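Good morning, and thank you for making time for this presentation. I would ask you to keep the sequence and the model in view while I speak.

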Amino acid sequence: MRILVIGGSYFYGRVFVMLAAKEHDVTVVNRGTYSMEEFGVRQIRGDRHDPELWRQCAGDYDVAVDFCAYQPGDIETVLENLPGKIGQYLLVSTVDVYRRQGDEAGGGALKDETFPLEERRFPGEAGSYISGKVALEGEVSRVCGERGIFFTVLRPAILYGPYNYAPREALFIQMALTQGALPRFTDADGSFQLVYVKDAAEAALRCLGNTAAYGQAYNLCGDETADYGLFFRELRACAEEERMCVGEEPDVWERTAGREPGEYTGLAEIPLTLAQAGERGIPVPFPATARETELVSNKKSREELGLTYTPLHEGMSRTFRAFSRVYGK
């Protein structure tokens with residue numbers, strides 16, 4: 001297939017390009033912050049809002065995969081100015097497009113792809129992000145419908161994995177490796193869902209030219225629901241495994257013999273309230289309170305795309321090993 005990737009040099013898009021380039025003819029259009037040419041793809045650099053950029057993308061494409069549409073009009077600008085044809089438009093959205101349940105009755109129900117989208121506008125950067133994605137989901141349906149282009153929408157939960165330099169798991173892995181400590185948030189009672197980046201990339205690959213995926217949206221999230229307690233336990237377990245791999249002194253393992261994974265005594269634990277974490281500049285990147293918790297179902301992606309999600313411990317172990325080569329001593 002001939003694939004046009006929009007964005008694609010940072011994290012989710014980067015992993016997708018690395019996998020797609022093994023089997024497809026890939027052209028990447030982005031600002032060029034990171035080179036993608038080492039993966040054997042063509043890279044066109046520029047601002048997606050500049051109509052002239054798209055006129056450089058000569059020829060027809062079987063699929064356009066859009067990782068960086070954030071503002072209303074982003075999709076229309078692409079399709080109005082591409083000189084060739086597109087068979088399918090794959091939009092990367094987010095599970096945050098769903099209407100907030102908050103304190104409503106049944107607020108703990110898993111949202112499937114039929115759940116209403118959020119119509120309210122919330123303040124701040126996060127609010128603008130949600131409103132933009134909701135608008136773009138309507139735009140991809142309308143604009144593709146007008147042009148006879150098939151479309152598919154992917155709604156990933158919180159992505160994690162190698163190449164993620166956002167202040168999420170990478171920051172805490174760096175803390176474990178360089179400071180020998182991890183926090184424990186004493187008053188966090190929120191839950192959240194993570195998705196390993198390679199699973200999300202595999203979902204995109206399975207949608208390419210897939211007639212069953214035309215006109216469909218898919219939630220992407222792992223099978224496990226996490227909280228901060230589980231998240232930090234997994235990181236401690238990963239630190240333990242990493243030390244075993246590099247050959248720690250025997251007495252360390254004598255001290256940890258018989259302990260459960262994640263109880264490695266070599267990492268200090270720093271109990272903090274959420275307020276104290278904020279005062280110290282320690283990020284709280286995932287929903288921290290029960291009121292913030294909004295969960296979705298991955299049933300449709302498992303059944304219709306045949307996805308098998310990487311268990312949290314396995315994905316976090318791979319992530320920890322990748323970042324240990326960056327931050328490790």
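This is a predicted model: local features need pLDDT of at least 70, side-chain atom pairs count only at pLDDT 80 or more; totals for chains, interfaces and linings use all residues.

Cys144 is buried, at a relative accessible area of 0%; buried means under 20% relative accessible area, exposed means over 50%, and partly exposed lies in between, with a 1.4 Å probe and protein chains only. Residues are numbered from 1 along each chain as its sequence is written, and side-chain values use heavy atoms, with hydrogens and water left out.

How many disulfides does the structure hold? It holds zero, a disulfide being a pair of cysteine sulfur atoms within 2.5 Å. For Cys144, the nearest cysteine sulfur is that of Cys207, 14 Å away. Cys221 is buried as well, at 0% relative accessibility.

I turn now to charged side chains. The structure holds 15 salt bridges, each defined as a side-chain nitrogen of Lys or Arg within 4 Å of a carboxyl oxygen of Asp or Glu. One of them joins Arg147 to Glu146, at 3.7 Å from N to O. Arg147 is partly exposed at 34% relative accessibility, whereas Glu146 is exposed at 53%. Both belong to a network of salt bridges that also includes Glu76 and Arg142.

Another salt bridge pairs Arg55 with Glu52, where the closest N and O atoms are 2.4 Å apart. Here Arg55 counts as partly exposed, at 42%, and Glu52 is likewise partly exposed, at 47%. Arg45 and Glu37 form a further bridge, at 3.6 Å from N to O.

Next, His24. This residue sits in the loop between α1 (12-20) and β2 (25-30); helices (H or I, at least four residues) and strands (E, at least two) are DSSP runs, numbered from the N terminus. A polar atom of the His24 side chain lies 3.3 Å from the backbone nitrogen of Met1. Beyond its neighbours within four places in sequence, His24 is in contact, meaning heavy atoms within 4.5 Å, with Met1, Ile3 and Leu208.

Finally, helix α3 spans residues 74-81, and its buried residues are Asp74, Ile75, Val78, Leu79 and Asn81. Their cover includes β1 (2-6), β4 (61-66) and α4 (124-147).

Technical notes:
A polar contact is a pair of N or O atoms within 3.5 Å; within protein, one must be able to donate a hydrogen and the other to accept it, and residues adjacent in sequence count only if both atoms are side-chain atoms.
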